[in-house]
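Here is a short tour of a two-chain structure, starting with one chain and moving on to the contact between the two. Please keep the view open as you read.

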Amino acid sequence: MSVKRLYASPMPRPARRGNYNQPVADQLSAPPSPFDYEAALRACARGERSALQNLYEQESPRLLGVVQRIVRDAALAEDIVHDAFIRIWNKAATYDQARGSARGWIFSVTRHLALNAVRNNARQMQMDPDEEGETSHAAIDGWQEQTDAFDWRVNPGRIEACLEQLEPVRRNCVFHAYVDGYSHQEIAQRLGAPLGTVKAWIRRSLTALRECIG
Amino acid sequence: MNTELNDSGESLHELAGEYVLGTLPASQREDVERRLPVDPELQAAVDYWEARLLHLTDLVEPQTPSPRLWARIQRSLDESARQTVPVSRTRQSKWWDSLSLWRGFAAAGMAATLVLGSLLLTRTISDSSPTWLVVLATPQNLAPGWVMQASNQSREIELIPLGVTELPPDKALQLWTKAEGWQAPVSLGLVKPGEPVKIRLDELPPLQPNQLFELTLEQPTGSPTGKPTGPIQFIGRAAKVI
């Protein structure tokens, strides 16, 4: 269940991951400029196929990583990334800058396709028998000391600072939900905790995060 | 569940947060997705969580897609581009049951009537001037919303609405154009929904085939950046009428 790290050491976050040699759309002329996701979406809305290709080259490995982590099937994950790019192309014109970043929009479109796929198929979680034995024996007080299932501190940002204030077990609920795409039941099974408790942890974590993030 | 849905801002935020986290069961996910287009508060709460949690996607190691994936995406785009009307092949419903298809036909018929009518008029006045036409349609279902016509001589374009466009309060429609090779779209000003308008093109080069026109949703005073920022409402390309 451990997570491979993208960044080995606690380095400041790179300005924007980018293939700087690639012009996104014809508006982008200045030399090394970060990838302009907003311009890429506008160009997609105008029907410029090259803009979608640039987006694909820029983000498809990251999107595939996010999707595959949720659906846990390589072929299905590629199907979903395929559908996501078709959707991005068809819906690019509906993207509204006032509502959030273009990069965030692209990830949201893709992530929700993956989540819909696993929720609609009511995935049965297949647990490693060893892991299951381990967690079901964990005593309730033992959860308080439980270590982080995710090595999340390497890339600090606002959300990370607020996650730090949660107990590790609640933090893990948030990660298992967002990153692994686990349902309440799956998290409960994974942690060996009662379903109602997990639901309450997640609800309270969201409230605490919102108070902290503002 | 519905009482919970109609509850205070706090539970709205919980619902939005759990939707973005992904913990909602399928039926509730569908509920949220149905509500989003018509519930700005829920949409704002979802936007809030999407933006805050996005950073956590960095926890996942990227995976290199197979080289075939991009080719597959392109094939799918080619296929849907070949279909003149956007009827999804994957859907099981019969095409003649599609409301948007017939709506599109009706609107296209209306547009054609207007276009041919205006053509007849312009023909009788001057047979020599080449005329440009643009049908501006919604990007989603290609329903025509505006027709634009211009003659090279008059250096003026006329924008004719085909219906009244509903705008959100405190938003305006801004008209843009971009010909091939231009660095960025150029603003042609704000347009009132449902009202025909004539616009002088004195400062622009003559119209070109395929020149793009679009209407975007902007602040009442127009885009603050001088470039389109809001979603595209209508879009079309110029065609020369022989």
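This is a predicted model: local features need pLDDT of at least 70, side-chain atom pairs count only at pLDDT 80 or more; totals for chains, interfaces and linings use all residues.

Residues are numbered from 1 along each chain as its sequence is written, with chains lettered from A and ligands numbered from 1 in the order in which they are written.

Chain B has six helices and nine strands, taken as DSSP runs (helices H or I, at least four residues; strands E, at least two) numbered from the N terminus. Strand E8 (residues 232–237) of chain B is largely enclosed by the rest of the structure, because five of its six residues are buried. Strand E7 (residues 212–218) of chain B runs antiparallel to E8(B), and five bridges join them. Within this pairing, B:Leu215 stands opposite B:Phe234 of E8(B).

Now for the contact between the chains: chain A gives 56 residues and chain B gives 44 residues, where contact means C-beta atoms, placed from the backbone, within 7 Å. On the chain A side, H2(A) has the largest share, with ten residues. The residues on that side divide as follows:

| Class on the side of chain A | Count |
|---|---|
| Nonpolar (Ala, Val, Leu, Ile, Met, Phe, Trp, Tyr, Cys, Pro) | 25 residues |
| Polar (the others, Gly among them) | 18 residues |

Definitions and conventions: Two residues are in contact if their C-beta atoms, placed from the backbone, lie within 7 Å. A residue is buried if 20 or more other C-beta atoms lie within 10 Å of its own, exposed if 12 or fewer, and partly exposed in between; C-beta atoms are placed from the backbone. Two strands pair if DSSP finds at least two bridges between them.
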